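User: Got a new model open and want a quick walk through it. Can we start with the charged contacts and then move on?

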Amino acid sequence: MAVLLAASFLHAQEAGIQVEKSVMVAMSDGVKLATDVYLPAGSTGKLPVILTRTPYNKDGTKSFGEYFAAHGYAFVAQDTRGRYASEGVWHWLTDDGADGADCAAWIAAQPWANGKIGMVGTSYVGGTQHAMALAKVPQLTTVIPVDAVSNMGLQSMRNAGAFEMRFWNWIMLNAGKGSNAALDPATQGELKEMADNRWDYLSLLPLRPGTTPLKLAPEYEDWLIQAMRHGKDDGFWAQNNILADPSRYKDMPVYLVGGWYDSWAGNTSANFQALSKTLKSDVYLIMGPWIHGAQNKSSHGQVDFGKDAAVADQLVWRKEWFDHWMKGIDNSVGKAAPFAKKVRIFVMGTGDGSKTKDGLLNHGGQWRDENEWPLARVKPTAFFLYPEGLLSEVKPESEGGAVTYEFDPKNPVPTLGGNISSGDGIMQQGAWDQRGSDKFWNWTKPIPLSARSDVLVFQTAPLAEDIEITGEIEVKLWASSDAVDTDFTAKLIDGYPPSADWPHGFDLNLADGIVRARFRDSLKEEKLMQPGKVYPFTIKLYPTSNVFKKGHRIRVDISSSNFPRFDVNPNTGEPLQQHRRTVIATNTVYHDLEHPSHIVLPFVSKR
């Protein structure tokens with residue numbers, strides 16, 4: 001491995017750093033990955049190293065490189081295999097454990113490295129951190145995985161058997177950017193044209209091999225088709241499966257960063273629970289009111305959470321963490337925000353509900369440090385579904401309560417916000433009034449989703465006092481269908497009453513979830529339904545923290561689709577994403593003495 005020569009560095013004198021671009025670092029199999037190195041100008045000693053491994057072009061990490069190099073670190077940015085300037089063939093994260101280990105070994109052999117590596121990155125780039133941690137890379141000292149890819153067969157890619165369509169969108173957008181196929185301008189143009197028309201491709205699913213321009217990027221087409229067809233949580237999804245065996249994760253300080261409206265929120269929460277019980281080292285968790293990768297903002301979607309919701313400087317807090325664990329500096333870690341305690345959460349909903357000058361709902365909220373997650377003082381409380389749309393703490397005592405609706409796969413319930421990433425152009429992230437607008441291509445008119453006959457609305461009476469809900473959430477349904485397979489969805493909503501600013505009120509989405517009927521008993525095995533038979537279903541929503549204020553209603557919407565957040569079930573029972581037809585399913589949700597369908601809410605008592 002070549003030693004970096006000072007004479008070969010490009011000098012950035014104004015930043016006090018020196019940079020070498022696109023060093024081609026050889027992996028164990030001979031494939032070379034393009035790597036940038038940032039060092040303090042004139043540095044001759046050995047430094048701790050901050051590493052990021054990205055499929056999104058290492059050139060985009062320049063600000064991080066300059067910052068950390070200016071503060072006494074070496075910074076290394078590497079294009080992952082088959083992306084941008086790196087050689088090889090792209091695969092979804094499956095190479096990143098071994099490649100990360102090879103990269104770390106190369107770093108350790110350089111004269112400017114002291115053998116300690118910390119990692120930064122969000123989303124896929126957070127996933128490359130988890131991949132190296134699961135590979136127990138010797139030089140890895142600490143990681144800060146933000147909104148990071150993990151547990152893909154459980155939730156956030158396959159979600160209780162359903163497929164999260166944001167990854168269809170990711171492939172549509174990225175197959176022609178930074179890929180091997182994009183090296184040819186004509187091919188890149190074809191793939192861009194496909195991406196520009198992806199709304200029309202949405203109506204033409206399922207994707208079949210060789211039938212669209214995606215065939216021009218075969219590794220991307222192959223992965224997407226396999227991912228959309230593979231519902232079982234098995235070996236196909238093994239990479240970055242932390243929950244299957246947390247002891248595989250390297251024992252080191254970990255700072256997990258997530259958001260209540262992030263697409264990986266459920267896994268960030270689950271990873272903290274698993275790793276904090278398994279690792280001897282400190283594991284920290286922070287959950288804000290954020291959408292994917294937007295910790296520096298205080299408003300998301302149609303809602304403002306107050307200026308304190310934003311972590312304004314995205315570099316300073318990371319440096320504080322690395323200074324403590326990589327340089328041994330006695331600083332705010334373990335003493336002051338955002339590291340005062342190992343759990344820090346943003347409790348949403350303490351705003352006044354007015355309309356801000358930007359036309360957003362002032363939902364507000366505040367930060368709170370906690371000793372654990374989930375909170376020990378939580379009281380799980382069941383709210384039961386009743387006829388006429390009532391949601392009540394009283395368990396049903398009568399028999400025969402049920403409501404029936406038709407689910408037409410050709411007219412799915414549109415997605416209006418939620419736990420989304422990579423939704424560019426086809427979905428809106430975050431918190432939204434559950435009514436249509438020109439922001440939603442498939443629900444453009446100002447009509448509430450509650451007006452649809454395939455959306456079952458259950459809500460409490462106006463609350464007599466403020467109620468805080470913080471933690472993990474599940475919906476327990478008893479349901480049947482005349483189809484052999486179908487989906488059931490659930491959404492938790494904070495129902496604002498009408499006001500001068502919001503004459504129709506505001507139906508604020510907080511968390512949602514889905515279950516594909518064939519995976520009702522196990523994510524390891526498919527079982528079709530017997531038409532007409534009543535089955536129990538569990539729908540795991542994403543975690544949240546919210547104060548439902550006095551006069552508001554706690555609301556749960558039940559349906560069978562949420563598109564394009566999730567792929568639409570054709571109701572035919574054919575192999576996943578290989579159907580040629582659809583059928584309308586007549587689905588029934590039961591709410592009586594024998595089948596007490598309910599949502600379990602984590603009540604937090606007032607301190």
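User: Lys21 first. Is Lys21 buried, exposed or partly exposed?
Analyst: Keep in mind that this is a predicted model. Lys21 is partly exposed, with a relative accessible area of 34%.

User: Which residue forms a salt bridge with Lys21?
Analyst: Asp36 does. The closest N and O atoms are 2.7 Å apart.

User: What network are Lys21 and Asp36 linked in?
Analyst: A network of salt bridges that also holds Lys58 and Asp59.

User: How many salt bridges are there in the whole structure?
Analyst: The search finds 31. One of them joins the side chains of Arg81 and Asp29, at 2.8 Å from N to O.

User: Where do Arg81 and Asp29 lie?
Analyst: Arg81 is in the loop between strand S5 (74–79) and helix H2 (96–108). Asp29 is in the loop between S2 and S3. Arg81 is buried, with a relative accessible area of 11%.

User: What about Lys527 and Asp521, how far apart are N and O?
Analyst: 4.0 Å, and the pair counts as a salt bridge. The cut-off is within 4 Å. Lys527 is partly exposed at 38% relative accessible area. Asp521 is exposed, at 53% relative accessibility.

User: Back to S2 and S3. Do they run parallel or antiparallel?
Analyst: Antiparallel, joined by eight bridges. Within that pairing, Val19 has Tyr38 in S3 as its bridge partner.

User: What sits between the two strands?
Analyst: Five residues, and the two strands form a hairpin. Gly30 is in the turn and has a positive phi of about 95 degrees.

User: Other sheets. What is the strand order in the open sheet of three strands?
Analyst: S12-S13-S15, with mixed pairing. Strand S12 (299–300) and strand S15 (361–362) stand at the edges. Each has a single partner strand, so one side of each is left without a neighbour in the sheet.

User: How many bridges join S13 to S15?
Analyst: Two, and strand S13 (residues 303–304) runs parallel to S15. Val303 has Leu361 as its bridge partner in S15.

User: Which residues of H7 are buried?
Analyst: Glu219, Tyr220, Glu221, Trp223, Leu224, Ile225, Ala227 and Met228.

User: What do those buried residues pack against?
Analyst: Strand S8 (158–159), strand S9 (162–163) and helix H4 (166–174).

User: Now the largest nonpolar core. Which residues touch the most other members?
Analyst: Trp92, Ile107, Trp112, Tyr249, Leu492 and Ile558, out of 160 residues in that core. H7 supplies the largest share of this core, six residues.

User: And what is in the second, separate core?
Analyst: Seven residues, including Val413, Trp432, Phe440 and Val455.

Methods: Residues are numbered from 1 along each chain as its sequence is written. This is a predicted model: local features need pLDDT of at least 70, side-chain atom pairs count only at pLDDT 80 or more; totals for chains, interfaces and linings use all residues. Side-chain values use heavy atoms; hydrogens and water are left out. Buried means under 20% relative accessible area, exposed over 50%, partly exposed in between (1.4 Å probe, protein chains only). Helices (H or I, at least four residues) and strands (E, at least two) are DSSP runs, numbered from the N terminus. Contact means heavy atoms within 4.5 Å. A nonpolar core is a set of buried Ala, Val, Leu, Ile, Met, Phe, Trp, Tyr and Cys residues joined through side-chain atoms within 4.5 Å. Two strands pair if DSSP finds at least two bridges between them.
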